Amino acid sequence: MTNLTGTVVRLKLSLLRGGLRQSRGRRDAFIVSSVLALLFALAQLPGMVLLSRQPHGEVVSVTATAVLALGWAFLPLFFPTGDETLDPTRLVMLPLRPLPLMRALLVSSLVGVGPLVTLLLLLGCVLVPARGAVGWATAVVALVLALLVCVALARAVAAANVRLLTSRKGRDLAVLSGLVIAIGSQLVNFAARRLGSGGLGQLRPVADVLSWVPPASAVAAVRSASEGSYGIALAQLALTAAALVALVVGWARSMTRLMTTPDGSTLQAADGGRAESRRTGGRTRLLPAGRTGAVMERTLRYVWRDPKTKAAWVTSLAVGLLIPVFYALQHTGSVYFACFAAGMLGLQMYNQFGQDTSAFWMVALTISSPREAYEELRGRALALLLITLPYAALVTVLNVALLDAWPMLPRVLGMSLALLGAMLAAGAWASARFPYSIPQEGLKSVVPGQAGLAWISIFGGMLTAAVLCAPYIALTVWLAQGADGVGRTWLLLPVGAVYGAGVALLGLRLAAPRAAGRLPEILAAVSKG
Amino acid sequence: MTNAAVRIRGLWKRFGEQVAVGGIDLELPAGKFIGLVGPNGAGKTTTLSMVTGLLRPDEGTVEVVGHDVWRDPVAVKARIGVLPEGLRLFERLSGRELLGYTGRLRGLPGAEVDKRATQLLDVLDLAGSQHKLVVDYSTGMRKKIGLAAALLHNPEVLFLDEPFEGVDPVSAQTIRGVLERYTASGATVVFSSHVMELVESLCDWVAVLAAGRIRAAGPLAEVRGAHPTLQDAFLELVGANGRQAGSDLDWLGGGAPR
């Protein structure tokens, strides 16, 4: 029995060593990140000791434990290839009983830099509230329980989702993971800034709830025991232990299921996406007929279904909203920051054909005149506007409301519309003139050798959009000046709308013959991914 | 009306130093099942891409049913159906959605697209998976949905690049049935392959391509000549007949003592 545990631990170490031997860069990256993580984990210990003298110290340690556990739960989903021993289906051909195997896998999960760093971080967390002999004794139990819960959580989540992780949907999810991290880090950054100004006491209600959520409940138990509330401490420890048992049982169940049922991924699904298609039937009838409607429908479906496109859209939507709102909340923004929404979403018009990948041949075969190219580009622009127009208007209104600058609304909205039109125009032209491939796997958005092209397309395009907007900006400045400036500025809204629409139409008209004349070249450029 | 479905004159394509297609002159008769055969790297895909307007030739002209591919794309693109090899489909659409999208890009009315799509999905045995995303399709299913998309607008000439590559025997038989029915109505199919048995059993007209040049072209019987099979004729034409993989591997064989 222990033999198996030893074997699996050795297997894990060999896998780790094998992975590092693959390339020098990978080994260096591993060493550097391990050293940094360990240094950080060690450095936080004295910090936590200092924190234990602060009034809200245990609030931080409880919250930190919960965040740590969250990380353990999500990491295997986002980095499914990180630990091959996480995938029990690899061991399915071996004659192993579930219980010894689970013990072996659980122990092997405790081996590695990640668990060591977690141990040190958790040590810091239990240090903060620990007082007196009973408190310290509880801290030791809490430390072990919390670490086991973290590790078991990762195993249980991975086992429950192993089919997902090795399937197409899992790979789609991995593409979105970078996005979650990017937006999540923005939110954390913002929250940290709020905490910096408002004090740790703000976290108190969150920590009070987390005190009863394992494994943070184990850290909370240390505090309860140190304060003499032994009953509560015992309950919190028991809750953590119960969670550990539940996780292990759940993990055992999914593992048994995994190892005794065949992989169904190659079976023919009779009605896999039936519900999905039926649902879209009603909406699509609202779109125009012919090419325009077909293009709009396809574009909108891709926004939702294609992980790369979805990631780009969600980033644009999030950044377009977060930047103006964050600055407005801190009263450091300008009303014109609302234009970020239009600008970020307008970026989606760039490299339209690159988003098609080599499937662009299907489009190329149906374009034989500038007219058809114009309809194609216009359909894509309309699909984009369907989302962008209401969103940009919403962000503008929200921003103006937060800054309480209602008289500015018409001119900011007008500016957003003019900018959007300019972005569409420049984007359409750049799509035809500077197409580049978007790799479908991984987090990269440009294939090697086309980075220069992408930079020209995006930054040249943005510069062009700025130039195209210049007359309208000049008009805004001119109208806003003078004594009766505010009275006339409502004019900027209709003028901005007409200007934006005019520039966009002109851009599409100029881009269409270029696209129609360069179809083979565009296909070659977008097929490299 | 000319009776050549495709007329190629002096077609050249170079990729850097390498000549992919080195001066092809070829006339493909209308209403035939035409096989374009050649070893890997012979230039089949490059030729088909240039004929269908997906790749710009360095030199030469291509006419499809009497219209120049590069000067009169309106007439040509409406009359051809294409199934390329190595290019993606819009894989995040379901099979049915892909057909609906293609048909409407082709300018067919919505109701007509729906009718044709239903029939094609039925005939090609895809009705059960029509609502599954194409990205989850197997190779055979992808070829079949690609074929359906190429046939949807009832083209006069159909170009298929390796339509049977990686396709299981059941799907291959389905594809074959549809293509035979299509040519029986007077339409032209041009397809590339390196499986000689397949070409021999399907085609009535063959062009042999090697190293970017046409080695032989004509009715099947003519190209085969005195050889017992097309395979033998082909090996001689591409100059691979002398290669015998025999004597050097005299140690290779079952039951040899260890």
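The model is predicted, so local features need pLDDT of at least 70 and side-chain atom pairs count only at pLDDT 80 or more, while totals for chains, interfaces and linings use all residues. Residues are numbered from 1 along each chain as its sequence is written, chains are lettered from A and ligands numbered from 1 in the order in which they are written, and side-chain values use heavy atoms, with hydrogens and water left out.

At the interface, 36 residues of chain B are in contact with 45 residues of chain A, contact meaning heavy atoms within 4.5 Å. The two chains bury about 3,600 Å² between them, 56% of it on carbon and sulfur atoms; buried area is the accessible area (1.4 Å probe) that two parts lose on being put together, summed over both. The rule finds 5 salt bridges across this interface, a salt bridge being a side-chain nitrogen of Lys or Arg within 4 Å of a carboxyl oxygen of Asp or Glu. Arg301(A) and Glu97(B) meet in a salt bridge through their side chains, at 3.4 Å from N to O.

On the side of chain B that touches chain A, at least two residues each come from α2 (73–79), β6 (80–83), α3 (95–105) and α5 (139–151) of chain B. Of the elements, α3(B) gives the most, with 6 residues. Helices (H or I, at least four residues) and strands (E, at least two) are DSSP runs, numbered from the N terminus.

Within chain A, the axes of helix α19 (residues 409–433) and helix α22 (residues 492–517) come within 7 Å and cross at roughly 0 degrees. Axes are lines fitted to C-alpha atoms, for helices over the stretch in contact, and angles run from 0 to 180 degrees between N-to-C directions. The helices α19(A) and α22(A) are therefore roughly parallel to each other, a term for angles under 35 degrees.

Over all chains the structure holds 25 salt bridges. In chain B, the side chains of Asp58(B) and Arg14(B) meet in a salt bridge at 3.9 Å, N to O. This pair links distant parts of the chain, 44 residues apart: Asp58(B) is in the loop between α1 (44–51) and β4 (59–64), and Arg14(B) is in strand β1 (residues 4–15).

Two backbone features of chain A remain. The peptide bond from Pro214(A) to Pro215(A) is cis, with omega near 0 degrees, and Pro215(A) is found in the loop between α9 (204–210) and α10 (216–226). Asn351(A), a residue other than glycine, has a positive phi near 50 degrees; Asn351(A) lies in the loop between α15 (339–346) and α16 (352–356).

Definitions and conventions: Parallel < 35°, antiparallel > 145°, perpendicular 65-115°, else oblique.
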